[in-house]
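User: Could you take a close look at one helix pairing in this model for me? I'd like to know what meets what there, and how that part sits in the rest of the structure.

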Amino acid sequence: MVERVNVARVPRLRYRKAQRGDIGECMALLPDWLQLDGALLDGSLVPMDDTALGRVNASGELAFLAMHYVTRAYDPGDPYFQALISVGNESMRFGMSGHNLNAIHFENPVEADEVMRSAGFVLREAAGVREGLRLWGMTREEARRLMPGSTARHLFESHPPRFRLSVNQRRLLWHALFDEDDEQLAAGVEVSPHGLKKLWRGIYERVADSVPDFFGDAPAADEGKRGPEKRRQVLAYVRQRPEELRPWLPA
Amino acid sequence: MSAGMRGATPLRPANHWPRLRHRPLRAADLAESIALLPPHLELSADERARLAHWWSRKIDAPGMLSGVIEDTALPAGQRIQGWGVSIIAPPALCELLQLQRAPCGHLARRTYGALLDGDVALPDDREIGRWNADGELVLLILHFTLQHFDLADPYALKVVASANDSFRAFHDGYQWRAMYYENAASAAPIALQSGFQAGHFADEAALAALPPERRPALFVLTREQALAQMPGTTARNCFEWQPPRFRFNAAQRRLLSNSLFDENDEALMALLDVSVHGLKKLWRGIYERIEAAEPEFFGESASADEGKRGPEKRRQVLAYVRQRREELRPWSSA
């Protein structure tokens with residue numbers, strides 16, 4: 001028998017994408033070990049755009065660098081901390097899966113060793129890692145030698161996408177997977193209500209072009225009466241097939 | 001695991017692009033699924049037919065957790081590539097199998113036998129709710145089988161990856177005391193990599209003579225074992241749990257569980273055996289329950305009806321329960 005819980009004080013953790021409004025709060029969580037003199041800040045490194053990412057993804061050369069994952073409190077013995085790590089694992093699976101990933105690298109302090117190991121990452125013997133930090137990772141070859149089951153291994157499951165959606169269509173679907181309403185969706189992808197309808201219509205057309213019987217015997221691909229039902233069918237599909245949400249541009 | 005039961009040559013066409021997804025087992029899947037019962041059950045044709053009939057009556061029982069992995073790129077009738085079956089083990093079954101002490105092998109065979117003979121019954125929603133609130137829930141995974149068992153085949157690994165997702169969808173949100181998992185010894189890497197620990201049957205020596213694909217093996221994860229690790233694997237993560245906030249009734253929970261698979265209203269009505277009006281009433285009841293527990297939940301939305309604001313409320317509820325699955329599980333505190 002476990003101890004009865006005071007329901008009023010139970011945490012209600014969830015994950016979601018970071019938004020502009022979160023930046024102030026998130027900045028306070030930047031880890032102490034960061035040295036903010038890097039290539040992104042001085043402009044010598046520019047993050048890849050959707051086209052570049054699509055090329056790298058389709059060629060199978062995509063690599064992730066997880067730069068930091070920080071929790072507000074760190075106490076491995078605290079059930080709340082473990083719950084937080086669990087949701088962190090979920091967030092990583094949801095946010096990163098579906099890429100044609102070649103490798104992931106993940107830097108974290110020594111204190112996080114158990115968190116990293118339990119998530120399935122492999123410790124690297126890397127030169128140049130600062131004292132107190134560790135480099136973890138996984139490559140496609142390592143993942144292929146393992147059965148699925150851990151968070152890190154899961155990130156290497158992918159197929160080529162079926163629908164080849166545009167960047168805006170993918171952005172809309174990504175937001176919609178968090179069950180946002182139309183107002184939030186329009187704000188998230190920065191379009192008018194009319195633009196939002198147009199985006200959905202474009203998605204249905206693209207899906208129907210690729211797989212003519214996807215919507216069963218639905219008539220025209222519009223966002224009218226059949227719209228919500230089509231939306232549901234598309235979301236049901238991409239929720240389990242996240243490669244449709246990723247850039248993909250074969251040579 | 002149905003190691004080798006379907007032979008080494010998959011039925012997939014050349015240049016096949018799999019489109020795997022997981023979902024709950026439905027009545028229409030039974031013929032296809034029953035063919036995936038594992039060889040270590042050692043069923044005669046009569047027993048198999050009896051079991052199929054039993055399944056058709058118990059498919060929606062609250063103590064039965066079952067999902068299928070299907071490849072939607074294959075023709076209907078050939079789509080199911082994996083099948084997993086768990087039950088919430090009532091104390092009588094735990095006792096019969098000596099589950100939490102020194103169980104002997106062939107747990108699934110003896111469990112099906114006891115269920116078919118009526119020696120034990122699957123728990124009802126109220127019993128599960130009570131055990132859940134007490135932290136005394138015991139899971140028995142009866143079998144997980146693949147249509148084509150070849151762990152060197154990338155396709156099989158994709159099915160296993162989808163099965164891990166399926167396991168999470170059906171087992172997250174309960175307050176488990178322990179999970180016991182029987183499968184063929186040849187499938188041990190799948191269970192171990194998912195976070196289960198190797199267990200031992202009391203008659204391990206007698207079982208040793210069986211070939212790995214017909215030899216049952218035991219895997220275990222107790223709450224103590226799980227909480228001694230950080231999250232990261234499928235099995236470990238299922239032990240993360242919090243009490244529910246809204247205490248939905250059984251019909252409301254069934255509606256929400258099925259809605260998470262993005263079923264349309266017609267499909268939901270058929271699954272729940274309710275009319276359009278009944279479905280609306282169920283949704284309305286859910287909104288009312290939420291507003292009673294959490295008046296701010298829907299923001300400034302007006303009355304709790306399934307009118308214009310209905311679809312928006314539905315979206316908000318699904319967004320919440322998608323990440324907080326304890327709301328979908330029976331819970332009955334003393």
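Analyst: Let's start with the residues themselves. From helix 13 of chain B come Trp283(B), Ile286(B), Tyr287(B) and Ile290(B), and they meet Gly310(B), Lys313(B), Arg314(B) and Val317(B) of helix 14 of chain B. "Meet" here is about contact: two residues count if their C-beta atoms, placed from the backbone, lie within 7 Å. By class, this helix 13 to helix 14 contact in chain B has five nonpolar, one polar and two charged residues. For the classes, Ala, Val, Leu, Ile, Met, Phe, Trp, Tyr, Cys and Pro are nonpolar, Asp, Glu, Lys and Arg are charged, and the others, Gly among them, are polar.

Before going on, a word on what you're looking at. This is a predicted model, where local features need pLDDT of at least 70 and side-chain atom pairs count only at pLDDT 80 or more, while totals for chains, interfaces and linings use all residues. Residues are numbered from 1 along each chain as its sequence is written, and chains are lettered from A and ligands numbered from 1 in the order in which they are written.

Now the geometry. Helix 13 of chain B covers residues 276–293 and helix 14 of chain B covers 310–323; their axes come within 11 Å and cross at roughly 60 degrees. That angle is why helix 13 of chain B counts as oblique to helix 14 of chain B. (Under 35 degrees is roughly parallel, over 145 roughly antiparallel, 65 to 115 roughly perpendicular, and the rest oblique; axes are lines fitted to C-alpha atoms, for helices over the stretch in contact, with angles running from 0 to 180 degrees between N-to-C directions.) The crossing of these two chain B helices is left-handed, as the near helix is turned anticlockwise from the far one by less than a right angle. Helices are DSSP runs (H or I, at least four residues), numbered from the N terminus.

Zooming out, chain B splits into domain 1 (20–237) and domain 2 (250–328), with bounds from an automatic or database domain assignment. Taken over C-alpha atoms, the centres of the two chain B domains are 30 Å apart. Five residues of domain 1 of chain B contact five of domain 2 of chain B.

How far to trust it? Chain B averages a pLDDT of 91, and 94% of its residues score at least 70; pLDDT is the predictor's confidence in each residue, from 0 to 100. The model scores ipTM 0.86 and pTM 0.90.
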